[in-house]
Amino acid sequence: MWQRLKCSSVFILNGVMILALSMLALSVFTQVVMRYLFTSPPFWTEELARFLLIWLTFIGVIAVQISHDQIGINWISEMLPPTGKHILQAINNFIVLLILIAIAWSGYSIVQIGTQVSPALGISMQIVYAALPIGAVITLIVVAGQLIEEIVAIFSVAEEVGNGD
């Protein structure tokens, strides 16, 4: 069930990212064309592109974490036995959890004080700032699930070794 949830989550996140990236590209394209053709780009295109890029970044972090596609150096884990690999990954996930808690906490504080309104789009900056804690909390949930998987794997490998398999 967990695997099915991960696959469907990545599928949905990829769809959202494609939509956001398409809107971002269209916004920038509109700005460039209008600037060169009419020497006056729409006032809202740059701000929309910036806000979409912020949200796209944090949505992308979630998708990358789910599918384990982040950049990493794995030469140490490749030298370890299976139990060691799982222990190292569990330590890594625990450290990431602590960092994500700090990011979510700080992000929430930023959202609370962000009472400004964006000049071009006229939307509350809290919507833009919310990308930080929302992205961090969802990524935190994913990493917590991965940490649980690693802990289960540690004991499964240890049990197999203990049984002589």
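The paragraphs below lead through the helices of this structure, their packing and the loops that follow them. The model is a predicted one, in which local features need pLDDT of at least 70 and side-chain atom pairs count only at pLDDT 80 or more, while totals for chains, interfaces and linings use all residues. Residues are numbered from 1 along each chain as its sequence is written, and side-chain values use heavy atoms, with hydrogens and water left out.

Helices here are DSSP runs of H or I with at least four residues, strands are runs of E with at least two, and both are numbered from the N terminus. Helix H1 covers residues 2-38; with 37 residues, H1 reaches 53 Å from its first C-alpha to its last, close to the 54 Å expected at 1.5 Å a residue, where the expected span is 1.5 Å times one less than the number of residues. Helix H2, residues 45-67, has 23 residues and reaches 32 Å between its first and last C-alpha, close to an expected 33 Å.

How do H1 and H2 pack? Two packed helices are described by the angle between their axes and the distance between the axes. For H1 and H2 the angle is about 160° and the axes are 9 Å apart, the axes being lines fitted to C-alpha atoms over the stretch in contact, with angles from 0 to 180 degrees between N-to-C directions. That angle makes H1 roughly antiparallel to H2, a term for angles over 145 degrees, whereas angles under 35 count as roughly parallel, 65 to 115 as roughly perpendicular and the rest as oblique. By class, the contact of H1 with H2 has 18 nonpolar, 7 polar and 2 charged residues; Ala, Val, Leu, Ile, Met, Phe, Trp, Tyr, Cys and Pro count as nonpolar, Asp, Glu, Lys and Arg as charged, and the others, Gly among them, as polar.

Buried residues are those under 20% relative accessible area, exposed ones are over 50%, and partly exposed ones lie in between, with a 1.4 Å probe and protein chains only. In H1, the buried residues include Val10, Leu13, Met17, Ala20 and Leu24. An α-helix has 3.6 residues a turn, so residues three or four places apart point the same way. In H2, Phe51, Leu52, Leu56, Ile59, Ile62 and Ile66 are among the buried residues. The largest nonpolar core has 13 residues, of which Leu13, Met17, Ile62 and Ile66 touch the most other members; such a core is a set of buried Ala, Val, Leu, Ile, Met, Phe, Trp, Tyr and Cys residues joined through side-chain atoms within 4.5 Å. H1 and H2 each supply at least two residues of this core, and its largest share, 7 residues, comes from H2.

Most residues other than glycine have a negative phi, and most peptide bonds are trans. His68 is found in the loop between H2 and helix H3 (75-78) and counts as partly exposed at 41% relative accessibility.

Gln70 lies in that loop between H2 and H3 as well and is partly exposed, with a relative accessible area of 38%. Gln70 and Val32 are 38 residues apart in sequence and 32 Å apart in space, C-alpha to C-alpha.
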